[in-house]
Amino acid sequence: MRYATISHENRHAGRGGLGAIMGAKKLKAVAIAGTQRVEVADPAGVVASAKKSLPPLVWPSDAKYRELGTVANLLTFNRFAALPTRNFQTRRLRRCG
């Protein structure tokens with residue numbers, strides 16, 4: 001397979017090729033387990049940072065990204081010749097909208 005993603009609970013990371021590298025190495029999963037809690041140096045700072053960054057992530061105008069991911073802009077990016085197509089050899093898909 002020429003493409004792959006790293007997936008977790010309906011979230012997918014496919015850029016940069018890391019999923020393809022993991023596939024080439026025949027790595028099927030990464031599991032992390034532990035019995036101890038990780039102490040946070042600044043718990044109040046973490047909460048403040050989360051509250052500060054959360055509202056922009058849930059705007060109605062961004063719903064298409066939560067439902068479709070970045071593919072929601074495929075036709076627009078194709079129109080602007082801004083797609084890294086054929087391993088960055090071209091900038092458009094030939095048969096797209």
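Which elements each supply at least two residues of the lining of the second largest pocket? In this predicted model, the elements in question are β1, which spans residues 6-8, and α1, which spans residues 18-24.

Of the 97 residues that make up the chain, 8% count as buried. Among the contacts that link residues at least 6 apart in sequence, 2% join residues that are at least 24 apart. The accessible surface of the chain amounts to about 9400 Å², and carbon and sulfur atoms account for 58% of that surface.

The largest pocket holds about 1300 Å³ of space. Its lining is formed by 31 residues, and those that lie nearest the centre of the pocket are Thr-5, Ala-13, Gly-14, Arg-15 and Thr-70. At least two lining residues are supplied by each of β2 (11-13), α3 (63-68) and α4 (74-79), and it is α3 that gives the most, with four residues. Sorted by class, the lining of the largest pocket comprises 14 nonpolar, 11 polar and six charged residues.

The second largest pocket, in which about 190 Å³ of space lies, is lined by a set of residues that includes Thr-5, Ile-6 and Ser-7, together with Gly-19, Met-22 and Gly-23. Leu-27, Lys-28, Ala-29 and Val-30 are also among the residues of this lining. The largest share, three residues, comes from α1, and by class the lining divides into five nonpolar residues, four polar residues and one charged residue. Thr-5 is named both among the residues nearest the centre of the largest pocket and in the lining of the second largest pocket.

Asn-73 counts as buried because its relative accessibility is 11%, which falls under the 20% cut-off. When residues up to four places away in sequence are left aside, Asn-73 touches Lys-64 and Tyr-65, and the side chains of Asn-73 and Lys-64 are joined by a polar contact of 3.2 Å.

Most residues other than glycine have a negative phi. Lys-26, although not a glycine, has a positive phi of about 60°, and Ala-81, likewise a residue other than glycine, has a positive phi near 55°. Lys-26 is placed in the loop between α1 and α2 (43-57), whereas Ala-81 lies in the segment after α4. With a relative accessibility of 66%, Lys-26 is over the 50% cut-off and therefore counts as exposed. Ala-81, by contrast, has a relative accessibility of 13%, under the 20% cut-off, so that this residue counts as buried.

The segment after α4 also contains Arg-94. Arg-94 counts as exposed because its relative accessibility of 73% is over the 50% cut-off. The C-alpha atom of Arg-94 is separated by 9.0 Å from that of Asn-78, a residue 16 residues apart from Arg-94 along the chain.

Key. Residues numbered from 1 in each chain as written. Predicted model: local features only at pLDDT ≥ 70, side-chain atom pairs only at ≥ 80, totals over all residues. Heavy atoms only, no water. Buried < 20%, exposed > 50% of the residue type's maximum accessible area, 1.4 Å probe, protein only. Contact = heavy atoms within 4.5 Å. Areas by Shrake-Rupley, 256 points an atom, 1.4 Å probe, with all protein chains shown as cover. 1 Å grid on protein atoms, 1.4 Å probe; cavity = no way out; pocket = protein on both sides within 12 Å on 5 of 7 lines; lining within 4 Å. Points joined across faces, edges and corners; volume = space filled by probe spheres on them. Nonpolar A, V, L, I, M, F, W, Y, C, P; charged D, E, K, R; others polar. Polar contact = N/O pair within 3.5 Å; in protein donor to acceptor, adjacent residues only side chain to side chain.
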